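Here is a short report on the structure shown below.

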Amino acid sequence: MLKDVDYLIVGQGLAGSCLAFELLEAGQSVVVVDQGPETAASVVGAGIMNPLVFRYITQSWKADVYFGKANSFYQSLERYFEKKLLFNLPVIRLLAEGESLLWAAKSEQANIAKWTDGEVCFPLKQENIAYPHGAVSVEAARVDMALFTGLIKAFLVSNGAFLKGKIDASSPLQYESGFVYEGISAKNIVFCEGFYAAKNPLFNFVPFRPVKGELLTLHIPGLEANHIINRDVFILPIGNQMFRVGSNYDWDDLTLLPTEMTRTSLLEKLELFLKLPYKVVGHQAGIRPSVADRRPVIGRHPKLPNVFILNGLGAKGAMLAPAMAEQLVNLLIKDTKIDTEVDVGRFWK
């Protein structure tokens with residue numbers, strides 16, 4: 001006998017986790033199919049919510065809306081699971097020579113002043129960190145992505161809503177009123193499959209542009225751990241004198257294997273300002289599910305009314321995922337329109 005559900009969700013990374021939790025909380029029946037955490041960029045990702053783009057000193061896309069929504073979402077999950085997921089950590093952006101005037105000018109803009117006053121400060125011990133031109137402090141946060149996805153998986157399993165496996169979209173799953181997979185009959189299917197979406201024939205009209213990122217895990221005794229440090233690379237505290245260091249962007253090598261070349265590059269950049277001894281204890285790689293126009297893709301397939309997608313969260317996924325999942329849930333339950341900037345239909349010709 002088939003198990004009937006409202007939604008079959010493909011993928012339990014960041015996007016699939018947010019969507020599944022929201023749908024279950026809304027009283028919908030769900031089964032999530034996932035092939036394992038080793039393929040999810042969410043597990044490897046740093047989970048940094050940074051509202052600014054440092055390269056141009058501009059606000060990240062709609063950060064004034066999505067940063068607050070994300071904070072509320074993760075705080076609600078902390079109360080639900082009674083686990084600490086969200087850490088409010090400012091980013092200490094180390095300045096290059098001559099940058100202070102630019103930051104001062106930019107911080108007069110309202111959408112920048114919301115996150116930083118742009119004033120040059122020296123909050124770090126200079127015997128530990130070299131930054132002769134000072135720094136600016138920017139409001140930011142970190143989400144423990146591995147713990148988050150792990151808690152959601154346990155939640156799904158306890159609700160009989162998780163199935164380990166892999167769905168190949170090139171195989172015909174659709175029948176007259178829904179989909180059948182491994183004893184599950186679903187009225188709708190939602191693809192939240194991360195960078196694998198680039199090979200999904202149902203969405204081959206979307207210009208996916210997956211990008212590889214690598215992170216190092218370092219033990220750095222003596223380094224302060226109440227902020228994120230950023231200058232070409234970031235240093236992110238994760239507890240017990242352990243830190244994540246990253247990241248890079250590689251559009252050519254889309255394997256899940258970390259590379260010696262990137263390790264060397266990250267450490268060379270780190271050593272330009274870190275003056276403390278360290279030990280590398282880990283090195284991981286993940287593929288970010290990005291899109292050519294750097295916007296997520298969510299919504300209903302233009303020709304298949306019970307096929308949906310939630311993808312393309314990119315490097316800002318921790319901040320964007322809760323709001324994008326909320327939009328899709330509103331479409332699924334209330335038939336509310338998707339924001340045209342992220343609607344998958346924008347690529348349909």
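**Helix α1**

The buried residues of α1 are Leu-14, Ala-15, Gly-16, Ser-17, Cys-18, Leu-19, Ala-20, Phe-21, Leu-23 and Leu-24. That is 10 of the helix's 12 residues, so α1 is largely enclosed by the rest of the structure. Keep in mind that this is a predicted model.

The helix covers residues 14-25. Its length can be checked. At 1.5 Å a residue, α1 should span 16 Å, and its end C-alpha atoms lie 17 Å apart, which agrees. Just after α1 comes Gly-27, with a positive phi of about 85 degrees.

**Nonpolar cores**

In soluble globular proteins, nonpolar side chains tend to be buried together. Here the largest nonpolar core has 71 residues. Which members touch the most others? They are Met-49, Tyr-74, Phe-148 and Met-324. Helix α8, residues 317-334, supplies the largest share of this core, with 11 residues.

Phe-148 shows what such a position looks like. Leaving aside residues up to four places away in sequence, Phe-148 touches Leu-14, Ser-17, Cys-18, Phe-73, Tyr-74, Leu-77 and Leu-85. Among these contacts, Leu-14, Ser-17 and Cys-18 are also on the list of buried α1 residues.

A second core is separate and holds 24 residues. Its members include Ile-184, Phe-203, Val-291 and Val-307.

**Salt bridges**

The structure holds 10 salt bridges.

Lys-84 is partly exposed, at 48% relative accessible area. Glu-78 counts as buried, at 15%.

Lys-212 sits in strand β14 (residues 211-219), and Asp-253 sits in the loop between β17 (242-246) and α7 (260-270). The pair therefore ties together parts that are 41 residues apart in sequence. Is Lys-212 buried or exposed? Lys-212 counts as buried, at 0% relative accessibility. Asp-253 is partly exposed, at 22%.

Arg-346 and Asp-293 also link distant parts of the chain, 53 residues apart. Arg-346 belongs to the segment after α8, while Asp-293 is in the loop between β18 (279-288) and β19 (297-300). Both ends are partly exposed: Arg-346 has a relative accessible area of 25%, and Asp-293 has 33%.

Some salt bridges share partners. In this way Lys-62, Arg-295, Asp-339 and Glu-341 are joined into one network.

**Asn-159**

Where is Asn-159 placed? Asn-159 is in the loop between α6 (145-158) and β10 (162-164). Its relative accessible area is 45%, so Asn-159 is partly exposed. The side chain of Asn-159 makes a polar contact, at 3.4 Å, with the side chain of Ser-158. Asn-159 and Val-30 are 129 residues apart along the chain, yet their C-alpha atoms are separated by 9.2 Å.

Note on methods
Residues numbered from 1 in each chain as written. Predicted model: local features only at pLDDT ≥ 70, side-chain atom pairs only at ≥ 80, totals over all residues. Heavy atoms only, no water. Core = buried A, V, L, I, M, F, W, Y, C linked by side-chain atoms within 4.5 Å. Buried < 20%, exposed > 50% of the residue type's maximum accessible area, 1.4 Å probe, protein only. Helix = DSSP H or I, 4+ residues; strand = E, 2+ residues; numbered from the N terminus. Contact = heavy atoms within 4.5 Å. Salt bridge = Lys/Arg side-chain N within 4 Å of Asp/Glu carboxyl O. Expected span 1.5 Å × (residues − 1). Polar contact = N/O pair within 3.5 Å; in protein donor to acceptor, adjacent residues only side chain to side chain.
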